[in-house]
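Here's a quick tour for someone who likes to know what the cut-offs are. Have the viewer open and follow along.

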Amino acid sequence: MKADVLACLALTAASFVATATGGRSSNRRRHKEVFLGENSKFKFGGRIDYKLKRQDSTKTLLIKSEQLLRIEEQDFAIRPGFGGSAIPVGIDVQVESIDSISEVNMDFTMTLYLRHYWKDERLSFPSHTNQSRTFDSRLVKKIWVPDVFFVHSKRSFIHDTTMENIMLRVYPDGNILYSVRVTVTALCSMDFSSFPLDTQNCSLELESYAYNENDLMLYWKNGNDSLRTDEIVLSQFFIEHFHASSGLAFYSSTGWYNRLFINFILRRHIFFFMLQTYFPTMLMVVLSWVSFWIDRRAVPARVSLGITTVLTMSTIITGVSSSMPQVSYVKAVDIYLWTSFLFVFLSVIEYAAVNYCTTLEEMRKMRRGKIPSTFNASQAMAFDGCFHDNDIELTTFPRMAPALTSDPLMAPSPNSDLRPPEGTRLRRQRSVRENVELLVNNSYMIDSYSRLAFPLSYLLFNTVYWSLYC
């Protein structure tokens with residue numbers, strides 16, 4: 001009996017202990033669930049999703065956007081409205097800067113914001129507030145976007161600091177704005193026939209690579225207002241005009257494509273070239289004229305001045321040519337430089353003619369005159385290699401009266417008046433040979449004529465040059 005009572009008490013105690021232990025563990029489990037529930041509500045808006053809790057929040061939002069836009073349910077490898085009419089894609093551009101313009105490479109570099117507008121009903125979504133959703137480049141890679149490229153581009157890239165400069169904005173009705181910030185280096189066919197007084201017309205051309213006019217229609221969204229520019233300042237050019245235009249391009253294998261043009265007209269600043277090229281050239285030409293006022297017997301002075309101006313002109317021409325492309329036609333600056341070089345070169349040739357004529361003149365006087373016994377030829381030629389008038393005693397020749405006729409019977413008597421009657425004064429024109437003989441016998445006249453002929457000719461050249469190119 002006692003044994004039964006003891007066994008009953010033992011079972012009662014064991015059940016009590018078990019009940020107490022189980023209650024405490026269940027209460028601990030219940031409190032833990034309540035604690036997790038409150039934290040989950042604070043972080044995830046009341047939803048308790050342990051799988052989402054382990055994932056990154058940005059990926060969670062992207063998955064929600066993909067589900068909202070039904071990206072996985074659509075085939076975005078084909079264009080919107082495939083099989084129907086061409087999808088219109090509007091374009092507008094904001095030019096941020098023109099970074100460089102290279103005459104040697106015949107290209108320009110431009111940074112711009114390129115924006116596309118089109119409608120894709122596959123991306124429409126329900127919205128009570130009618131607000132758009134904005135995404136970055138991660139979603140762009142999963143949907144269809146126009147394949148616009150830059151015709152005649154050499155290099156181009158999308159800026160990626162700190163992230164890729166790409167924006168995608170989707171509206172509830174399926175309208176899409178796609179914007180990229182891109183820098184492109186494109187070809188510009190320049191005409192340097194009037195350089196540096198030239199005006200260049202460059203253009204950046206946009207076109208779809210894969211879709212011709214039957215599948216995609218490119219157009220300027222706001223007409224002429226689709227092209228906007230910030231204040232752009234260039235070192236050698238100023239921009240006269242920016243305007244947009246459009247056209248069609250034909251390829252024999254694939255057909256017709258819509259093409260958009262960003263045209264801008266550049267006029268070169270002339271003041272830089274006036275300081276670096278034109279003014280030094282003018283000074284060299286004027287400096288070469290100084291030799292006309294130097295004594296014709298000062299050979300070292302005049303030869304040194306002529307050679308110096310010629311070499312300086314050669315240096316200026318070489319410097320200008322090295323900074324220009326090797327074109328096969330003559331530029332305006334080439335005409336000016338080579339004409340100026342010709343004037344400098346002719347001033348050297350002029351002194352060579354003066355020196356030669358002076359030598360002939362003095363040699364003739366030496367043969368006609370009497371050389372004194374004290375005359376030293378080596379001393380006379382030590383100065384410039386020529387005999388001089390003051391070193392030679394010349395005999396005087398009697399002056400012959402001009403004969404009016406060659407008939408000796410009609411010759412006037414010695415006592416008769418040699419002057420012709422009043423009103424019958426005769427002048428015989430000199431021939432070319434006589435004029436040359438006159439210059440040879442009077443070599444100083446070459447310098448006298450050059451002092452007037454060279455400046456007037458150069459002034460006439462400058463007048464014609466600047467009137468044609470300005």
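## Aromatic rings

F343 and F454 are both buried (buried is under 20% relative accessible area, exposed over 50%, partly exposed in between, with a 1.4 Å probe and protein chains only). This is a predicted model, where local features need pLDDT of at least 70 and side-chain atom pairs count only at pLDDT 80 or more, while totals for chains, interfaces and linings use all residues. Residues are numbered from 1 along each chain as its sequence is written, and side-chain values use heavy atoms, with hydrogens and water left out.

A search of the whole structure turns up 26 aromatic pairs. Rings of Phe, Tyr and Trp (its six-membered ring) pair if their centres lie within 6.5 Å, with planes under 30 degrees apart called stacked, over 60 edge-to-face and the rest tilted. One of the pairs is Y251 with Y257, edge-to-face at 5.5 Å centre to centre and 85° between the planes. Y257 is buried at 4% relative accessible area, whereas Y251 is partly exposed at 31%. For F343 and F454, the ring centres are 6.4 Å apart and the planes sit at 75°, so this pair is edge-to-face too. That pair links distant parts of the chain: F343 is in helix α7 and F454 in helix α10, 111 residues apart. Both also belong to one aromatic cluster, whose members include Y278, W289, Y336, Y458 and W466.

## Charges over rings

Two spots have a charge over a ring, meaning NZ of Lys or CZ of Arg within 6 Å of the ring centre and within 35 degrees of the ring normal. K221 lies over the face of Y117, at 4.7 Å from the ring centre. R133 does likewise with F125, at 6.0 Å.

## Helix α6 and the annotated spans

Helix α6 covers residues 299–322, and its 24 residues reach 35 Å from first C-alpha to last, close to the expected 34 Å (1.5 Å times one less than the number of residues). Helices (H or I, at least four residues) and strands (E, at least two) are DSSP runs, numbered from the N terminus. Among the buried residues of α6 are R302, L305, G306 and M313. What covers the buried residues includes α5 (271–288), α7 (332–368) and α10 (444–469).

An unreviewed UniProt entry lists residues 270–291, 303–323 and 335–358 as "transmembrane region"; positions follow the numbering used here, feature names are shortened, and annotations may be inferred rather than shown by experiment. In the model, 303–323 is 95% helix and 0% strand, with end C-alpha atoms 31 Å apart. The span 335–358 is 100% helix and 0% strand, its end C-alpha atoms 34 Å apart.

## The disulfide

How many disulfides does a search of the whole structure find? One, where a disulfide is a pair of cysteine sulfur atoms within 2.5 Å. C188 and C202 form it, with sulfur atoms 1.9 Å apart. The pair links distant parts of the chain, 14 residues apart: C188 is in the loop between β7 (175–187) and β8 (199–208), C202 in strand β8. The link is left-handed, at -75° about the S-S bond. C188 is buried at 2% relative accessibility, and C202 is buried at 1%.

## Two strand residues

S179, in strand β7, is buried at 11% relative accessibility. Beyond neighbours within four places in sequence, S179 is in contact (heavy atoms within 4.5 Å) with L114, R115, N165, I166 and M167.

H241 is in strand β11 (residues 237–251) and is partly exposed at 41%. Again leaving aside neighbours within four places, H241 is in contact with N263, F264 and I265. H241 and I265 are 24 residues apart in sequence and 5.4 Å apart C-alpha to C-alpha.
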